Amino acid sequence: MTVMPSSAETSAPADTDRLREALIHQLRDLDALRSAEVERAFRTVPRHLFIPEATVEDAYQAERAEVTVRDPGGRALSSVSAARIQAFMLEQADVHPGMRVLEIGSGGYNAALIAELVGERGKVVSVDIDSAVVERARNLLDLAGYDLVETRTADGDAGVTELAPFDRIIVTVEAAELAPAWVDQLAKDGRIVVPLRFRGLTRSVAFRRDGELMASRDYEVCGFVSMRGEGAVPQQLVVLRDGPDEAERVGLRGEEGVLLDGPGLRTAFNSPRVEAWSGLTIGPGESYGDLELWLATVLDDHALLAATREARDRGLVASWSAMGVSTLLDGSSFAYLAIRPTTTERTAFEFGAIGHGPRAHQAAEQLAEAIAEWGRDHCGETAEFAAYPAGAEVASGPTTRVLDRPRSRLSISWPGGPS
């Protein structure tokens, strides 16, 4: 579905073609673009038309997301995702001409990309719980010439029964489980790509049917705004430190069922830090993305320590991640994942743990040992995600973690654990 340029497109700056081509090169370098079909879609759809809130130059930055709706407290409710994430999710989805695709969460741009992939014989339906988000997406899709994309205001948790089955369901909001409706409305050989939250971590997971369950070994690190409506599963938050205007905020996020001792943990954070180091080092270009997934599997009391950039820059926490780092809870003590340079050029780093509280030493040592175990026995392995109906029997063990959700069970297993 190649779209003729709209009046807005032709009046845009003359260098939009150059910026779009530069984006393609960025996405290739990031290994987000892997197929000619997805690359063609990115080359065809004018991204800047779908992000009028940003400058044209910013619209074509691979890692830039644009928040389009916030609640009164400033929390992001809807956004146009970073192009890098949109690209690898479409690669995971493996969309072909003629397919029927349901998108959960509307922004406009991603639906237009999908429309290019399915072509005129395909069908794209984009739904969102927020009528203002849907209206914005509809207007931008029409402006860019993608009037065949269908948009609906509805709770995406329920899917769209009357238009099922769908060959692909692509979810663009963070979900805590696979909604039963998605599984029911999926074609026999279909695929669901969803940013799945697992013990605080979010991974874009491409699920396929495997008998009675949905399974996947295809996942990527990502970050999304949380799902609203029927499928929302809340997290706990303990604020450890609040700076002026929240500029230096530090907090712990945990799933429901994890005990967060707020007063004790706040007291612990103000205590001296204790360090323990694992001996596991990482050099330039080496991947450690699965380390935190491993920690979320094997640590019984797992949470994420998150801090604002100002808090990280001031050294209030020794964290490098804006998304948060894996943390081991031990009552009113905790230890979180940290790194330190091992070369003066800061080209290699060692993983370790920083602990706070009365049991800081024990917590840091336990976390450091779990890090070392991954480096020794599991580095380079691929985990398997699986989603089961509620009440299903699921084998557990030292390298398998099972989570009960309101309407399903999730598991993550590493080689060596029970199948």
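This note comments on one histidine, the cysteines and the aromatic pairs of a predicted model.

1. Basis. Local features are reported at pLDDT of at least 70 and side-chain atom pairs only at pLDDT 80 or more, while totals for chains, interfaces and linings use all residues. Residues are numbered from 1 along each chain as its sequence is written, and side-chain values use heavy atoms, without hydrogens and water.

2. H356. This residue is found in strand β17 (residues 349–356), a strand being a DSSP run of E of at least two residues and a helix one of H or I of at least four, numbered from the N terminus. H356 is buried at 4% relative accessible area (buried is under 20%, exposed over 50%, partly exposed in between; 1.4 Å probe, protein chains only). The side chain of H356 reaches the backbone oxygen of S271 at 3.0 Å.

3. Cysteines. The structure holds zero disulfides (cysteine sulfur atoms within 2.5 Å). C222 is buried, at 2%, whereas C379 is partly exposed, at 44%.

4. Aromatic pairs. The whole structure contains seven aromatic pairs (ring centres of Phe, Tyr or the six-membered ring of Trp within 6.5 Å; planes under 30 degrees apart are stacked, over 60 edge-to-face, the rest tilted). One of them, F42 with Y109, is edge-to-face, at 6.0 Å centre to centre and 75° between the planes. This pair links helix α3 (residues 36–44) to helix α6 (residues 109–118), with F42 and Y109 67 residues apart. F42 is buried at 0% and Y109 at 1%.

Terms used
Polar contact = N/O pair within 3.5 Å; in protein donor to acceptor, adjacent residues only side chain to side chain.
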